[in-house]
Amino acid sequence: MKDAELTVKRDGFRFGYTGRPSPGKPVSTTSSRPDLLSLGDISADAVAAQLARVTASQTFENAPVLRHLLEYLVTRTISGNTDQLKEYSVGVDVFGRGASFDPRVDTIVRVQARRLRAKLTDYYDDEGQKDPVIIELPKGRYIPNFRHSLTAAGVDASDDTSVDRSPGRRRIGLAAGLLVGLGLLVVLLTSFKPIASRHEPRESAVLPVPAADAPRRQPLGVVVTPFENHTGDVSLDTIGQRVAERVIASISTIEGAAVTARSITKSPGDKAPADLLVAGTYYRDGDTLEFQTRLVDARTGRLLYGFTTVAPQKLDTATLESLRQRIAGAIAVHQDDFFGGLDAISHPPTLDAYREYRAGLETFQSDFARALSHLQRSRELTPHFIPAMAVMMFAYGNLGQRDKSDVIVAEMEGIADRLTSAERLLLEFLQSNRNGRREQARGVLEQLERLVPASLLVNFNLVQSNIITNRPHAAGIAYTHIPFVSKAFRHSVESYRRLRFLDALHMIGDYQRELDESRRAQADDSGVLLYVQAEARALIALGRRRELQGIVERSQSLSRTAGWSETPGDLMELCAHELRAHDSREGSLAMAARAVEWYRGRPAPSWTSREHREGLARVLYLVETWHDAAALFEGLARDYPNDMDYRGWQAFTSVHTGDLNRARVLSSELEQASRPEHRGWLTYARARVAAALGERDRALHLLRDAFAEGLEHGPHLHQTPDFEILRGYEPYQRLLRPAG
């Protein structure tokens, strides 16, 4: 089991569940107003689509706080959680106020709600005139109302004397009753079918549709003014201009930043056409100069970052370099979406440290060792830059070097009192996740996302955490918080995030949408074979097995994308597992046999590689050639004695070759070797042994223990014949049933 949350295991797909309401199920609400259309035919999908239109509009483009507030209020209302829509709850959940929040003293909720009402009015007076659904936030309440637009519905408002037609105003109807059929949050489970029948057509749960490609981000506008001379010596006036010129030159090299210069003297009413303002002053202190630098939000005037630099009175190259590095580095991290920007960072990096960190991210998927060299260099330049430390921890975990990973966490703990709220929550997530406390980790991520809603790192981990804790609906909803942008995020985290969304669709049984999304993903990035695996998985679940032949053949010609280790053999192995899980034993055996042929047809030099030997052993196990599989796993266990996964495979094959006593001995060894860092995987292996031995209740008991130790929910519960003894068993079905 890998230690990091930035990776997806090769078999990281989730199996489907049944019993979901139809996407088009209408919202069961009514209206007592004669001038309003009935809400009985407004579906939750329609409300979700309207919310997407509003939040993507130009009216709300520069109002991220109001967008977040509107999404929160509409989502909670649709899900029926209107009891949460109190001023206190909104203040804590949306605006990050602590438990001591007192609405009587802090009026932020009322102020922002008033702004939201006005913004909605502006939207419907302009862009939203022809929208089919109207969203209104009634005065004095935090529960929004929804109704059909009379104009969009073809109703002549001029014939209805009860409609207020005064300019700038619209009346929105009162929506009574509980909204169900949910388009944005978790739906209630109504039934659960055995795994073996999950390929049957079913009504699927509704998840919001992610944006195809988010609007291109505007460059971060930066204005730099000459530093002001407060020394009293006019001969030092030129220093301020020299500093500004050097800083401008550095900022101009940052991707996504547009920098301009501006003189200190401005015309009355002149405003910086920018997002950030860089300004500073310098003073004389004996034989030295003291530079005080400020980065200011140009729209609000809020100070984002400030620091002091002491230099010789005669400005030297080292001082100029230090100033430009610190300013440009802070600006670079401010426009970076990976963690959350400058507000979330306690120790902004220098520009060179930031670039090393980004290089580490870009090479993370393809070469952990190379990524670590970049990240280590970043830390040398800026020791306490938390995002670089976190990614280093992930890389060490993926390399199996938990001791080095522990050192990074200990260092973060040592400076916890100097971290921002977001960084402290990130540290808390890392601690709880590493110790297998999955639910606690998920709760921390939910808090963290409220502080840094645009963070790709946080969002990916939240999506994954919901998958791991068996909350596929919540995972899908979290995914849509950040639209997929195919060009902007070139590191692997975005691809992982997308794969987890496909997992969520499979887990809720929305196989058609999984098929569509997997094909769309391949169009964006044709070199990721895991997207092809998701396509094959969906086709099998939909009963369209004749199309598998074309997919398998196509996989043979796909060139690998750097860092992705999947092969056509892995694709055929997945198909064999899925076919078996969907009641096609003969189809599974045939597909596994084809995978065996593929492995044996590889060039001879590859036969000695660990990847080839392990892959061939797994498909031999699937094709039930037990002795051949056992021989390969015995050799792997000898060559890699510290890999306990092979000890598990030795136990599984021992059952099927008839050596039951050895299987039990190996299972006992797995029990003795189990540690918290294994997070339930060795206990899961023991459950497989028990199931293979026919000990159904013991297998189920061990599975429960494994989940308590932090085992991930996912395909390992159905992608093996060993658990067939559990299929259709009600306690097993309850164990698999999604929590949300």
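Of the 740 residues of the protein, 54% count as buried, where buried means under 20% relative accessible area, exposed means over 50% and partly exposed lies in between (1.4 Å probe, protein chains only). The model is a predicted one, in which local features need pLDDT of at least 70, side-chain atom pairs count only at pLDDT 80 or more, and totals for chains, interfaces and linings use all residues. Residues are numbered from 1 along each chain as its sequence is written, and side-chain values use heavy atoms, with hydrogens and water left out.

The protein has 27 helices and eight strands. These elements are DSSP runs numbered from the N terminus: helices are H or I with at least four residues, strands are E with at least two. The accessible surface of the protein is about 30,900 Å². Carbon and sulfur atoms contribute 49% of that surface. Areas were computed by the Shrake-Rupley method with a 1.4 Å probe; for residues, only the protein chains shown count as cover. Contacts (heavy atoms within 4.5 Å) were also counted. Among those with a separation of 6 or more, 64% link residues 24 or more positions apart.

Strands are taken to pair if DSSP finds at least two bridges between them. Strand β6 (residues 276-285) runs antiparallel to strand β7 (residues 288-297), and ten bridges join them. Tyr283 stands opposite Glu290 in β7. The two strands β6 and β7 form a hairpin with two residues between them. Gly286 lies in this turn and has a positive phi of about 65°.

Strand β7 also pairs with strand β8 (residues 303-312). This pairing is antiparallel and covers nine bridges. Here Arg294 stands opposite Gly306 in β8. A hairpin is again formed, with five residues between β7 and β8. Gly301 in the turn has a positive phi of about 80°. In a regular strand, side chains alternate between the two faces of the sheet.

Ala538 is part of helix α17 (residues 529-541). Its relative accessibility is 0%, so Ala538 counts as buried. Leaving aside neighbours within four places in sequence, Ala538 contacts Tyr511, Glu514 and Leu515. Ala538 and His506 are 32 residues apart in sequence, yet 7.3 Å apart in space, C-alpha to C-alpha.

Ser667 sits in helix α24 (residues 660-673). Ser667 is buried, with a relative accessible area of 9%. Not counting residues up to four places away in sequence, Ser667 touches Arg686 and Val689.
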